Amino acid sequence: MLMLSEKTMIQDLGESVENSGKSHSSSFLLAADHLAVGFLSLSGLLLLTFAVSETVYLKFGLGNLAGAWLIWQGAKRTPGTWLAGLFRIVYPLAVISVTHLEVELFIHMIYGADFTFDALISGWDNFLFGMNPHLHFHTVLTQWYWVELMHLFYLNYYFLLIGSITWVYLKRNDDFAHFVFVYLGIFLTFVVIYSFFPVVGPVSERGGIFPETGWLTNLVDFLFFIGAPDGAAFPSSHVGQSVGIYLLLQPIHRYAKTGIRLVILGIGISMIYVFIHYAIDAIAGFFAGWLLYHLWNRFYHYLKT
């Protein structure tokens with residue numbers, strides 16, 4: 001009976017998305033789909049223009065176009081099943097993952113290899129604080145548990161990214177169209193910013209700083225090894241996207257609100273401690289997340305009217 005009720009609930013959620021396609025709010029769910037399809041199509045075509053120089057551009061270019069087609073087909077059909085819910089949750093996460101990996105390719109298309117604004121940003125960081133905080137922060141909290149805690153805060157970004165979209169779909173489905181549109185819009189704006197203003201950050205200075213015995217430390221190193229692009233540091237999308245998610249989740253219980261605020265603060269601090277961002281990257285991320293939320297939220301309501 002429990003399995004049957006869970007299956008019925010999931011089917012009802014899928015049907016709610018399908019029925020929203022026939023209601024006044026459905027167009028904004030489609031707007032989110034159009035945003036993803038439009039960005040992937042345009043970026044895919046741009047990447048293909050460089051396909052003759054390197055096969056990686058061909059791979060990602062064709063991948064983006066294929067992804068755009070899959071999203072278009074899935075959004076257009078929206079079956080009233082558990083598959084619809086899974087599709088709605090997974091495809092924004094896939095778009096974020098893929099476009100983040102492509103940042104380095106976009107930078108090379110615009111500036112060529114090895115071009116960054118790191119000297120400029122590092123100088124701003126030093127001017128603002130009288131030093132570069134990331135060079136000193138880890139020397140204050142040296143115990144292994146601080147090291148692991150800071151890496152845990154960094155990893156909390158991924159839990160927030162995945163957990164928020166899943167929670168909104170399951171618990172606040174009537175707001176899902178709005179959530180996913182702004183959620184995607186904020187991150188895709190960061191991708192554009194990074195493409196034109198590449199900053200690598202101090203991650204290359206990380207080697208040998210932290211003990212190799214830490215499980216979470218090794219996990220973060222592994223994540224950077226398999227897919228961290230050079231150039232996506234200023235402003236911090238981890239902080240900015242987290243701020244945007246926090247604002248999108250309102251209103252929530254005061255305990256949840258406090259908890260998410262602490263997580264976002266921890267993410268911002270951890271970015272500096274673990275040598276992933278300059279301090280100014282994290283601070284800029286807070287402001288960028290707030291600003292981009294309001295811009296995309298206003299755009300959503302403009303489309304709604």
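When I speak of a contact in this talk, I mean heavy atoms within 4.5 Å of each other. With that in mind, residues 24 or more positions apart account for 83% of those contacts in the protein chain that have a separation of 6 or more. Please keep in mind that this is a predicted model, where local features need pLDDT of at least 70, side-chain atom pairs count only at pLDDT 80 or more, and totals for chains, interfaces and linings use all residues. Residues are numbered from 1 along each chain as its sequence is written, and side-chain values use heavy atoms, with hydrogens and water left out.

The protein chain has twelve helices and zero strands, where helices are DSSP runs (H or I) of at least four residues and strands (E) of at least two, numbered from the N terminus.

Of the 305 residues in the protein chain, 48% are buried, meaning under 20% relative accessible area with a 1.4 Å probe and protein chains only, while exposed means over 50% and partly exposed lies in between. The accessible surface comes to about 15,400 Å², with 70% of it belonging to carbon and sulfur atoms, by the Shrake-Rupley method with a 1.4 Å probe, where for residues only the protein chains shown count as cover.

Which residues form a nonpolar patch on the surface? They are Leu128, Phe129, Met131, Leu265, Ile269, Ile283, Phe286 and Phe287, with about 690 Å² of accessible area together; such nonpolar side chains are joined within 5 Å, and each residue has over 30% relative accessible area and no salt bridge (a side-chain nitrogen of Lys or Arg within 4 Å of a carboxyl oxygen of Asp or Glu). Helices H5 (118–129), H11 (254–273) and H12 (279–304) each give two or more residues to the patch, and H12 gives the most, with three. Leu265, in helix H11, is partly exposed, with a relative accessible area of 45%.

Note on methods
Patch = residues over 30% accessible without salt bridge, like charges linked within 9 Å, V, L, I, M, F, W, Y side chains within 5 Å.
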